[in-house]
Amino acid sequence: MKFKNLLLYLTSLIAFLLVWELYCQLIVRNPMFLPPSSRVFATFIELMIFGRPPSFFLPYDMLYSLFHYSIGFSLALIVGFSMGLITGWIKLANELSYPIIELIRPIPPIAWIPITILMLKLTDAAAGFIIFIGAVFPMLLNTRHGVASVEVRYLEAAMTLGATSSLTLIRKIVIPAALPSIMTGIRVSSGVAWMCVVAAELFGVAPYGLGYKIDLARFYLATDIIIAYMIAIGILGLMLDRVYRAIEEKALAWRVGLVIA
Amino acid sequence: MSLREVVLSVRGLKKVFEGSPSVVAIESLNMDVYDGEFLCIVGPSGCGKTTLLRILAGLEKPTSGEVLLKGKPIKGPGPDRVMVFQEYSLFPWRTVLGNVMFGLELKGLSRQEAIREAMKYIMLVGLEGFENMYPHELSGGMKQRVALARALACNPDVLLMDEPLSALDAQTRNYMQEELIKIWDRTRKTIIFVTHNVEEAVYLGDRVMVLTARPAKIKSTIEVNIERPRNRFASEFLKLRMKILDMLREEIEKVMIRSNHSLRP
Ligand SMILES: Nc1ncnc2c1ncn2[C@@H]1O[C@H](COP(=O)(O)OP(=O)(O)OP(=O)(O)O)[C@@H](O)[C@H]1O
Ligand SMILES: [Mg+2]
């Protein structure tokens with residue numbers, strides 16, 4: 001079963017690379033316009049191991065982007081979770097915050113870049129802030145939804161069993177009951193954060209990072225580097241998602257029907 | 001009767017749900033519950049049985065009147081009056097053991113003590129071997145056993161049960177009634193048990209309290225002086241059952257006549 005899946009994955013991947021290769025070799029025939037997959041693969045390996053002057057070295061840029069991601073994402077988790085908990089639990093807090101949240105939420109993170117750079121200059125903090133803006137809303141909304149829809153019967157059962165303070169109810173009932181939504185929030189928020197990393201770095205907040213280098217490569221007309229960096233962005237994003245999925249599955253083992261083959 | 005100690009008493013209880021129209025659910029209800037007794041409450045559908053239990057549990061505030069537990073007025077919900085609900089209210093994120101430990105954790109027992117104590121009650125309801133399962137892996141009857149164990153583990157003065165067996169099929173239900181009596185016999189907890197089912201009430205109760213149609217008042221309280229284990233087909237059992245069914249029919253007819261009047265143009 002597992003093996004068959006792997007075989008299918010590999011088949012589709014190889015087919016894709018093959019079409020790409022043939023298309024470039026037979027039709028495009030201009031590596032600066034679009035290099036074939038074999039060339040990109042070689043470049044990827046080269047950039048992973050040796051790097052290429054002046055400053056293209058994938059492992060370092062990956063770490064640097066993960067650093068930006070961590071600033072923005074951890075901030076988004078903390079703020080999104082706390083605000084989601086408060087607004088989901090206290091009706092008044094929800095009503096007061098609702099118009100503000102709904103007004104700010106549709107502003108895309110990219111629209112925040114100019115003002116962020118003016119206020120925080122070209123710093124890692126600026127990148128962190130843009131990522132935070134993108135990632136905080138999915139976390140907040142999912143947490144709020146999870147907390148607000150905790151079933152009353154669980155709360156009442158807990159109350160008659162001796163859970164009298166709000167703090168106990170939140171710790172013992174609300175958070176575990178809302179965990180499925182909270183986990184979804186973490187996963188969606190992480191995905192948005194990763195997209196914002198690239199957007200933030202494109203504007204040169206730091207001389208390193210995948211987003212910055214992908215744009216730098218454009219000046220060198222090094223299309224193979226651009227694509228190799230794109231692939232690195234894809235792979236890291238996929239890995240992050242897998243990590244949160246694994247955590248989610250572990251934390252929600254009690255849920256019916258979560259066991260998906 | 002007068003020798004027995006009153007553990008819970010209700011005085012002049014009235015409950016109105018404000019709204020349009022307002023609903024008077026309970027009207028001037030007085031009752032005494034004796035220590036260690038198994039009290040069953042039956043009444044027509046929608047008469048206010050759940051409301052009464054919720055007030056006793058402290059989940060609902062009375063409009064007027066008071067509820068005294070061992071002479072002291074109750075203040076909100078608490079583990080001295082644990083409620084077992086009709087719908088399954090087990091915490092799905094906790095295992096059987098975790099559910100039964102819930103009240104014990106809140107009492108500040110150490111993890112070791114809580115586990116030891118919880119296992120006693122899991123054994124009492126006959127679920128040893130299932131302690132690491134999650135609620136969704138259990139049958140309906142097993143779930144209600146867990147709910148019972150979880151409630152008993154709190155060592156409440158009064159156990160409130162709102163139609164806890166009504167979601168079960170007939171065989172499981174009879175079996176659970178027998179089990180419940182055994183457990184009650186061993187723990188001698190005071191139990192207030194609400195049911196729709198007159199046979200169930202006569203099988204389980206020391207007394208059966210019959211409520212009127214809404215607003216709920218006490219129509220009659222009947223002593224069940226039948227030796228346990230009770231035979232559901234013995235003539236005294238059937239006679240008592242008929243008597244209570246007749247009372248209920250009277251109440252249901254009242255509701256019908258009332259609604260016929262209101263339907264008249
Ligand atoms: N929260 C509430 N708000 C308004 N009315 C309510 C509320 N809870 C109950 N009622 C009304 O009070 C009356 C009594 O309801 P209750 O649930 O106590 O009846 P019951 O005897 O338990 O019914 P059943 O036999 O169907 O379980 C009903 O008419 C119901 O509509
Ligand atoms: Mg009811």
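Contact here means heavy atoms within 4.5 Å, and everything below comes from a predicted model.

**View 1. Chain B meets chain A.** Counting contacts, 27 residues of chain B touch 19 residues of chain A. Trp93(B), Leu106(B) and His136(B) are the ones to look for on the chain B side: they lose the most area to chain A, together 31% of what that side buries. Taken over both chains, about 2,000 Å² is buried, and 71% of that sits on carbon and sulfur atoms.

**View 2. Charged and polar links across the interface.** Two salt bridges are counted between chain B and chain A. One of them pairs Glu105(B) with Lys172(A), where the closest N and O atoms are 2.5 Å apart. As for polar contacts, the rule picks out five residue pairs across this interface, with both partners at pLDDT 80 or more.

View 3. Four elements of chain B each put at least two residues on the side that touches chain A: helix H1 (49-57), strand S6 (81-84), helix H2 (96-106) and helix H4 (140-153). H2(B) gives the largest share, four residues. Sorted by class, this side of chain B has 17 nonpolar residues, four polar ones and six charged ones.

**View 4. Thr143(A), tucked into chain A.** Thr143(A) belongs to helix H6 of chain A, which covers residues 124-148. Its relative accessible area is 0%, so Thr143(A) counts as buried. Where does the side chain of Thr143(A) reach? To the backbone oxygen of Met139(A), at 2.7 Å. Setting aside neighbours within four places in sequence, Thr143(A) also has contacts with Gly80(A), Phe81(A), Gly84(A), Leu85(A) and Ile182(A).

**View 5. Helix H5 of chain B and its surroundings.** H5(B) takes in residues 170-187, 18 residues in total. From first C-alpha to last, H5(B) reaches 26 Å, close to the 26 Å expected at 1.5 Å a residue. The buried residues of H5(B) are Arg173(B), Met176(B), Gln177(B), Glu179(B), Leu180(B), Ile181(B), Ile183(B) and Trp184(B). An α-helix has 3.6 residues a turn, so residues three or four places apart point the same way. Which elements cover the buried residues of H5(B)? Among them are strand S3 (38-42), strand S7 (158-162) and strand S8 (190-194), along with helix H3 (111-124), H4 and helix H6 (198-204), each from chain B.

Terms used: Residues are numbered from 1 along each chain as its sequence is written. Chains are lettered from A and ligands numbered from 1 in the order in which they are written. This is a predicted model: local features need pLDDT of at least 70, side-chain atom pairs count only at pLDDT 80 or more; totals for chains, interfaces and linings use all residues. Side-chain values use heavy atoms; hydrogens and water are left out. Buried area is the accessible area (1.4 Å probe) that two parts lose on being put together, summed over both. A salt bridge is a side-chain nitrogen of Lys or Arg within 4 Å of a carboxyl oxygen of Asp or Glu. A polar contact is a pair of N or O atoms within 3.5 Å; within protein, one must be able to donate a hydrogen and the other to accept it, and residues adjacent in sequence count only if both atoms are side-chain atoms. Ala, Val, Leu, Ile, Met, Phe, Trp, Tyr, Cys and Pro count as nonpolar, Asp, Glu, Lys and Arg as charged, and the others, Gly among them, as polar. Buried means under 20% relative accessible area, exposed over 50%, partly exposed in between (1.4 Å probe, protein chains only). The expected span of a helix is 1.5 Å times one less than its number of residues.
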